[in-house]
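Subject: Structure handover

Hello,

Here is the structure I said I would pass on. My notes on it follow below.

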Amino acid sequence: MTHLSRLWNIFRITWLEQRRSPWDLLMVLLLAPAFLYMYWAFMGGGSTSYKVLVINSDRDPCPVGGAGQSCAEQAIQRMSQLTYRGGTPILRLTLLEERSEAEKRLRDRTAAALVIFPEEFSRAISAARLGQPPPEASVVLVGDLANPYYSVAAIMTSATLEDYLRQVTNQPRPVQISEQPLGGSGSRSEFEMYVPGLLIAAVTMMIFSVTIAVTRQIESGTVRRLQLTRMTAFDFLGGISLMYLWIALLSVALSILTAQALGFRSQGPLWLAWLIYVLTALASIGAGLITACFSGTAARAAIIANFPLMLLLFFSGAVFPLPQVRLFTIAGRTIGLFDLLPHTHAVTALNKVLSLGSGVSEIGFELAALAVLCVAYFAAGVWLFQRMHMRAR
Amino acid sequence: MPTIILETLHLTRRYGDLLAVRDLSLQVQEGEIFGFLGPNGAGKTTSIHMMCGLLRPDEGEVRIAGRRVQGGDPELRAQIGMCPQTNILWSKLTCLEQLEFSGQMYGLPGRLARRRGQELLETFGLAEKRHKLAGSLSGGMQRRLNLALALVHGPRILVLDEPEAGLDPQSRLLVREYIRAWAGAEGRTVILTTHNMDEAERLAERVAIIDHGALLVLDTPEALKRRLGEGDVLEIELAGDGGPPTEQALPVVKPLSQQVNLLGQTLVLRERNMVEKITPLTQALQGAGFQVGAVHLRANSLEDVFIGLTGRSLRE
């Protein structure tokens, strides 16, 4: 028997075994296409509309265009007319009065950028058209520089404004466009920008450890043995979760210390970031428990656990941003589909603390949502485990 | 009147189209060693899993000490110690650690669980291995540890699924003596499944034989053997070629022995005082032109009863 025929035989029996585990095969084949499709669908077919907040203090009539409009209103109109080829608007504008409200939205990442038109905007344009020295006026772009959506929204906004200004004044830049980073986001190094996401990814990997720890016991039959004792699903999963929470506490502390040693600086309190990471780890543990219920064997767990892992990383904004898919509004707050993922709140809260220097009071909602979702995931895990592995079958 | 500790009433369980257990009704008396016999796939393990509350019957019910076993009743389940057919151990825990852990999960205080664990390790010849990981033990040692785990919480009913499988003769003797001694204490009952007839005959006070999920007989081994035919079993092998067809041997021996079967090339005869008939039988066969090979004389066994009831065809 030659090497080639032996190799062929090994290929053949591996294929036969794989084919006889159709679910495993299907999962491997469909994982990437399914996520690509989901991402495409949630992105509205690939055309993201960037939410831009506008505060317009310009009340004077514009010397061009007529209809009593101010120049800022004309510029805003121009911004709103920017569309993709399919007609989807590139910028979704929302007019606001208060800067504090706008900044809150930027911190919550429900908007990508804020544009503030000064009250001298029309006057500056009028002066420029007449060849007079314009009054000092500056359009301010405000945003969280750590938010990947900000840079796109800012570029599109400033390009549109410059185009408008050139058109109405025939001058390159009669009004300055300046940028004000939100919180401490302007002073973040690239490394510092990546650290929060990297740590989120690291604690999310706990899904694998937890899923395999549970399925190993199901597979070896020790769960069956314990089923005869007074043990409940809560005891079993609670014990395992506690063990992995302990590991998470240490792992997150070690990771933060390492990041600090390598030059990472947090704008907000580090203990708060640590707490968020620990809650995120707890949520990942909960997701691991749910995954274990459907896995049955450790080998299958290694495949199935990729689903929640990718879901929690790619659809929470931890790796790249996603638009909000609105579900309902409660107490004035819009709840989106991805808000059901604990990691969505973790990403927002960490960004607020690490980049924008927020404290506990500013991340109250995220902490509460994270805690509620941790409990919900754990409860779902216990309920499923009780039904699928602890009851007489 | 003996107390009924465990009772099954019209127990039925299906797996898809397969009827694994069919209308099984039996009573196990407190203090007895009850043998549950059947070929592979007869429904033994399914039956005992229903008795332990690990499986839910499709029809019928199980009662322990008169109380109906519901799937999730921990009080009732804790009265049972279950030793499964395959070794179910925590391979990364030492022998003592897992006994202690298991005892505590049944609700024993830590110290008591540890003491019980140490006693059981001593009993099963594993005291020297108390700090060894279960995964590093030999197959026979793992088997003994598997049994110890079923006993650590002091159950009233011990359910053993093929307890002697995978044991060497010394370990088998040790386990057999322990089971007998354990069951000797007041109020303790043993239910064991096996297809090892020798094991059942030596240990069980009453035996139930099931096949295709249904109960065939339930009695003491002695009574079952009597039912098949009292006395000895004589096996005469017909050897060599050129003689008459073997089926023609039956009418030759019938006048000398009424209970006779032909199994392949072997005549199996059952009769009292068979030893006196060996010479007349061999002479009659030789006179009819048959060549007589090996001749075995043995006592009627439970295996004969078992084969008589369940047949000789292979299962699974």
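Angles here run from 0 to 180 degrees between N-to-C directions, with axes fitted to C-alpha atoms. On that scale, helix α5 (residues 139–151) of chain B runs at about 165° to β6(B), lying across β6 and β7 (157–161) of chain B. Please keep in mind that this is a predicted model.

The sheet in chain B is open and has six strands, ordered β6-β7-β8-β3-β9-β10, with mixed pairing. Its edges are β6 (80–83) and β10 (214–219) of chain B; each has a single partner strand, so one side of each is left without a neighbour in the sheet. From one strand to the next the twist averages 15°. Strands β3 (residues 33–37) and β8 (residues 189–194) of chain B run parallel and are joined by five bridges. Within β8(B), Val190(B) is the residue opposite Ile33(B). Helix α11 (residues 302–310) of chain B lies across β3, β9 (206–211) and β10 of chain B, at about 30° to β9(B).

In chain A, helices α10 (residues 233–261) and α15 (residues 364–390) pack with their axes 9 Å apart, at an angle of about 130°. The two are therefore oblique to each other, and the crossing of α10(A) and α15(A) is right-handed. Residues making this contact include Phe234(A) and Leu237(A) of α10(A), and Phe378(A) and Phe385(A) of α15(A). By class, the contact has seven nonpolar, three polar and no charged residues.

Between the chains, the contact takes 14 residues from chain A and 18 residues from chain B. On the chain A side, helix α9 (residues 222–227) gives the most, with five residues. That side has four nonpolar, five polar and five charged residues.

Regards

Note on methods: Residues numbered from 1 in each chain as written. Chains lettered and ligands numbered in written order. Predicted model: local features only at pLDDT ≥ 70, side-chain atom pairs only at ≥ 80, totals over all residues. Contact = placed C-beta atoms within 7 Å. Helix = DSSP H or I, 4+ residues; strand = E, 2+ residues; numbered from the N terminus. Nonpolar A, V, L, I, M, F, W, Y, C, P; charged D, E, K, R; others polar. Parallel < 35°, antiparallel > 145°, perpendicular 65-115°, else oblique. Left-handed = near helix turned anticlockwise from the far one by under 90°. Pairing = 2+ DSSP bridges.
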